[in-house]
Amino acid sequence: MSSSSGAIRVAEWLLRRVLVGPPLRAWLRLEVEGREHVPATGPVIIASNHLSFVDSMVIPLAAGRKVGFLGKAEYLQGTGPLGWFKRLWFGEFGGMIPVDRSDAKAAARSLELAEAHLAARGAFAIYPEGTRSRDGMLHKGRTGVGRLAVASRAPVVPCGLIGTDRAQPTGAKVIRPRKVTVRFAPPVDVAALEAELVKGKLLRAITDETMDAIAQRSGQVRSSEYAPRPGTSAPLG
């Protein structure tokens with residue numbers, strides 16, 4: 001291990017175990033249910049509802065392990081102490097996998113990046129709605145989670161987040177002291193679905209079962225429509 005990688009590991013441990021993890025848990029009064037469904041090691045897909053920017057920090061805390069997720073590449077850019085801290089915060093603590101959103105080909109490779117992360121026995125978080133819910137409803141899931149489950153053979157653990165939208169509403173710069181609950185569900189029985197369905201129907205069935213489990217734990221009202229992308233007036237499907 002090089003001295004630089006060793007320093008990053010020490011800094012990540014300090015952030016997770018001392019400087020950020022415990023204070024953030026206390027600030028959010030974090031309550032976790034069903035953590036036993038998240039394997040301590042090995043590949044796993046954590047499929048969650050998406051209410052706030054802080055979701056990608058709460059999920060690793062609740063899961064008890066580093067969890068990768070896709071994020072804007074610019075979060076890992078920058079120079080000086082601030083740039084170093086952002087890389088440490090988003091890259092090492094949060095486990096972010098950078099995607100250049102301005103590059104259409106790079107963005108299209110997002111599932112490939114997720115597959116590679118799972119192949120390296122990492123945990124990966126995905127938001128099947130595709131974007132944050134602006135109206136608080138749980139929107140129709142996109143089938144990327146099904147594609148990832150079939151391609152990687154990793155278990156899919158549904159996750160319901162409650163309260164993160166109050167802790168950090170859209171546009172808020174700071175995290176407010178609001179109670180947050182994270183509920184993990186048993187893994188989706190992908191093998192049973194594969195025994196009955198193929199291709200598009202299989203991907204939709206995996207996604208729908210995942211969304212059903214998320215709804216049961218988040219308590220959100222379901223929507224049959226896809227969540228609208230930021231800057232659009234109608235859902236994209």
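1. A crossing of two helices is left-handed if the near helix is turned anticlockwise from the far one by less than a right angle, and right-handed if clockwise. By that rule, helix 6 and helix 7 cross in the right-handed sense. Helices here are DSSP runs of H or I with at least four residues, strands are runs of E with at least two, and both are numbered from the N terminus.

2. This is a predicted model, in which local features need pLDDT of at least 70 and side-chain atom pairs count only at pLDDT 80 or more, while totals for chains, interfaces and linings use all residues. Residues are numbered from 1 along each chain as its sequence is written, and side-chain values use heavy atoms, with hydrogens and water left out.

3. Helix 6 (residues 110–119) and helix 7 (residues 144–152) have axes that come within 10 Å and cross at roughly 40°. Axes are lines fitted to C-alpha atoms, for helices over the stretch in contact, and angles run from 0 to 180 degrees between N-to-C directions.

4. Contact means heavy atoms within 4.5 Å. Leu111, Ala114, Glu115 and Leu118 of helix 6 meet Gly144, Arg147, Leu148, Ala151 and Ser152 of helix 7.

5. In helix 7, the buried residues are Gly144, Val145, Gly146, Leu148 and Ala149 (buried: under 20% relative accessible area; exposed: over 50%; partly exposed: in between; 1.4 Å probe, protein chains only). Their packing partners include strand 2 (44–48), helix 6 and helix 10 (199–218). After helix 7 comes arginine 153, with a positive phi near 65°.

6. Strand 2 is largely enclosed by the rest of the structure, because five of its five residues are buried. Val44, Ile46 and Ser48 cover one side, and Ile45 and Ala47 the other.

7. Strands pair if DSSP finds at least two bridges between them. Strand 2 runs parallel to strand 5, joined by four bridges; isoleucine 45 has phenylalanine 124 of strand 5 as its bridge partner. Four bridges also link strand 2 with strand 6, again in the parallel sense, and serine 48 is partnered by cysteine 159 of strand 6.

8. The seven strands form an open sheet of mixed pairing, in the order 1-7-6-2-5-3-4. Strand 1 (31–33) and strand 4 (96–99) are at the edges with a single partner strand each, so one side of each has no neighbour in the sheet.

9. Helix 7 lies across strand 2, strand 5 and strand 6, at about 170° to strand 2.
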